[in-house]
Amino acid sequence: MATGHDAHHHGPASGITRWFYTTNHKDIGSMYLWFSFAMFLLGGMFALVIRAELFQPGLQFVDPNFFNQMTTMHGLVMVFGAVMPAFVGLANWMVPMMIGAPDMALPRMNNWSFWILPFAFTMLASTLFMDSGAPNFGWTFYAPLSTTYAPESVTLFIFAVHMMGASSIMGSINIVATIQNLRAPGMTYMKMPLFVWTWLITAYLLIAVMPVLAGVVTMMLFDIHFGTSFFSAAGGGDPVLFQHVFWFFGHPEVYIMILPAFGVVSEIIPTFSRKRLFGYDSMVYATSSIAFLSFIVWAHHMFTTGMPLAGELFFMYATMLIAVPTGVKVFNWITTMFKGSISFETPMLFAIAFVVLFTCGGFTGLMLAIAPADFQYHDTYFVVAHFHYVLVPGAIFSIMAAAYYWLPKWTGNMYDENLGKLHFWLSFVGINVLFFPQHFLGLAGMPRRIPDYALQFADFNMVSSVGAFIFGFSQLLFLFIVVKTVMGGKKATAEVWEGAEGLEWTVPSPAPYHTFSTPPAIK
């Protein structure tokens, strides 16, 4: 076998070197997806430590400092290690094929974008084994807790965030360059599949806000090591400045995690409804509106910081305005299904659950947007329930839907439909048992991020923890299904999705995609 160096210059690499040197968008997409799944399981283990501790009041398994490390690491790993790389993996796999491009525009940079991630997250996870312990200041790492009182491992955390941010910026530049320059003839912007549209807009969001995150962690680094006082009132700085800079990144970030999900669901629902998507143009405009509005709502995370009343009013109304384009999207998905010839394969089940449960998360978000009400909800479990309803049935379910939807295309094999449905129902029941009671806990006054709690919260916490273990362990079934499909199984046909009433219809698949202006053909 040729050495890596020879293979690199004299032909295709073989064996393991193929994965180190690959510039193939499908290989890189697959690596992103496997990496994100590993991070999903790691972040899930951190979450199960949290739920095991909260199963009953009192301190059972972990000391409070380690509990805080778990909440921090769970949030960081899930957001930056699981959800974002999974969507980038889907983009790498599907975007070139959907626009008729031979590959990504910048394939060497694509390889690097991926390969710095395992090192970043290995470094972050290694802090768990250090004397000072892992970061323990929450995934939002508010100063001065994260600067004046932080463990020494905060420096490694800052470096890891820089690497992750560099990966995101390069990946996004690549997606923008690909979509704008490599579309096949005739593939105009308003003919692009919605998944491509949502990723184009998401990439612009990432390019805009990842440097802000890099800025805020650099300011932290200087406060810790170089005697500055950006976030220290004693030196003339302001801790609230941290929150402004962080949330100016952080709010668009949560839309970065949901816009590609909108794209996935907008591909799946039309396929299984046997109808073209209702309101394509309005979907594009709604997505763009959401992206624009995401930049002017950041301080709704800060209603309790003593903001001027005019500021509260502005951020309250701007936040509520986002409900309008989001509502347009939900309306269009439901109207697409209306009077369709629907069949309920696994991807469709995840997509429908997405629409229903994401809407629940949207309603609680509207509650939190009302400034005087937010004073009551802020930093309670109601907030935890809200954002997990958006992120788990939102981002995670759409990623699972995408995996089931495109696995036949990726592998040439059909997944086991019965096992897929079992995985869906276990996940669906699990997350509702897990997160719905947390609304009640929050409204009753249980604060976030505590390892112990008052007796009146015991019952709902027990229910919530049971749901967590159902949801968590059912993901091992997902792993089994995916591995089983990759290794073999019934061969997928050109018309992958055959179902309702003996109809067969073609997923608009075989690469390159020509245009999505025609609905899937029904035979």
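Helices (H or I, at least four residues) and strands (E, at least two) are taken here as DSSP runs, numbered from the N terminus. The structure is a predicted model, in which local features need a pLDDT of at least 70 and side-chain atom pairs count only at pLDDT 80 or more, while totals for chains, interfaces and linings use all residues. Residues are numbered from 1 along each chain as its sequence is written, and side-chain values use heavy atoms, with hydrogens and water left out.

The protein chain has an average pLDDT (the predictor's confidence in each residue, from 0 to 100) of 93, and 93% of the residues score at least 70. Over residues 499-523, however, the pLDDT is below 50, although this stretch has 64 contacts in the model beyond near neighbours in sequence, a contact being heavy atoms within 4.5 Å. Where pLDDT is low, the predicted coordinates should not be read in detail.

A nonpolar core is a set of buried Ala, Val, Leu, Ile, Met, Phe, Trp, Tyr and Cys residues joined through side-chain atoms within 4.5 Å, where buried means under 20% relative accessible area, exposed over 50% and partly exposed in between (1.4 Å probe, protein chains only). The largest such core holds 168 residues, of which Phe141, Phe157, Leu213, Trp333 and Trp406 touch the most other members. Helix α4 gives the largest share of this core, 22 residues.

Val264, in helix α9 (residues 259-273), has a relative accessible area of 1%, and apart from residues up to four places away in sequence it touches Leu90, Phe195, Ser398, Ala402 and Trp406. Val196, found in helix α7 (residues 194-225), is buried at 0%; with the same exclusion of residues up to four places away, Val196 is in contact with Val95, Met98, Ile99 and Ile179. Grid points are joined across faces, edges and corners, and a volume is the space filled by probe spheres set on the points.

The structure holds four cavities of 30 Å³ or more. The largest cavity has about 80 Å³ of space, and helix α6 supplies the largest share of its lining, five residues. The second largest cavity, of about 60 Å³, is lined by residues including Leu76, Phe80, Phe121 and Phe157, and its largest share, four residues, likewise comes from α6.

Terms used:
On a 1 Å grid over the protein atoms alone, a cavity is a set of points where a 1.4 Å probe fits but cannot get out, and a pocket is an open set with protein on both sides within 12 Å along at least five of seven lines; lining residues have an atom within 4 Å of a point.
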